[in-house]
Amino acid sequence: MSSVTLPPLPSMRAKEIERRQQQHIVKIQPPPENVSATTAPTVSTKPTPDAAQARTVVDQTSSSEDINKARQKRTEELADLMSRESVLSSQPPLDANLLCEAVHQYVCTTSSFLNTYVADVNAALEGVDHKLSILEKQMGMMEVRLSTVKGLMDDDEQN
């Protein structure tokens, strides 16, 4: 029996494209090392003595902290990506038959669960419908009993 090569699933293809784009960005644009607070400031609005016009003021101390945090976060993300890639690249690809069987089992299990869930919900709804019909009958009987009491309702309300 010959093995069949299946095209990748759309979600897997999208992940692969995203991963390649991230690698491309990492190769072309490495994280900046010598960024000072004056080259990438953050802008914040602070009240100035001139109350008629509010001006934006550059907060240089918080911008250098933000840059350091962003650089550290990006370095951690790149290290995590590299470790995942090294682990996954050392593993052989899954056999197509095994993958198809796993997907088939997942679909069957999920559809079985959903069918059971729908049956349970329908049974619950039938119970609620039965209780509502009983309540409607009881309300009709109470309305008839109340309509026999004279002077309880006006002639306009009885019609």
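Read along the sequence, the protein chain follows the pattern α-β-β-α-α-α, with 4 helices and 2 strands in total. Helices (H or I, at least four residues) and strands (E, at least two) are DSSP runs, numbered from the N terminus. The model is predicted, so that local features need pLDDT of at least 70 and side-chain atom pairs count only at pLDDT 80 or more, whereas totals for chains, interfaces and linings use all residues. Residues are numbered from 1 along each chain as its sequence is written, and side-chain values use heavy atoms, with hydrogens and water left out.

Of the 159 residues of the protein chain, 3% count as buried; buried means under 20% relative accessible area, exposed over 50%, and partly exposed in between (1.4 Å probe, protein chains only). The accessible surface of the chain comes to about 14,300 Å², of which 60% belongs to carbon and sulfur atoms. These areas come from the Shrake-Rupley method with a 1.4 Å probe, and for residues only the protein chains shown count as cover.

The structure holds 1 salt bridge, defined as a side-chain nitrogen of Lys or Arg within 4 Å of a carboxyl oxygen of Asp or Glu. Arg 84 and Asp 80 form this contact, with their closest N and O atoms 3.0 Å apart. Both residues lie in helix H2 (residues 60-90), 4 residues apart, about one turn of the helix. Arg 84 is exposed, with a relative accessible area of 54%, while Asp 80 is partly exposed at 35%.

Helix H3 spans residues 96-148 and includes Val 103, which is partly exposed because its relative accessibility is 43%. Val 103 also belongs to a nonpolar surface patch of about 620 Å², made together with Leu 94, Leu 98, Leu 99, Tyr 106 and Val 107. Patches are made of residues with over 30% relative accessible area and no salt bridge; like charges are joined within 9 Å, and nonpolar side chains (Val, Leu, Ile, Met, Phe, Trp, Tyr) within 5 Å.

The count of aromatic pairs comes to 1. Rings of Phe, Tyr and Trp (its six-membered ring) pair if their centres lie within 6.5 Å; planes under 30 degrees apart count as stacked, over 60 as edge-to-face and the rest as tilted. The rings of Phe 113 and Tyr 117 have centres 6.3 Å apart and planes at 25°, and the pair is therefore stacked. Both residues lie in helix H3, 4 residues apart, and Phe 113 is exposed at 53% relative accessibility.
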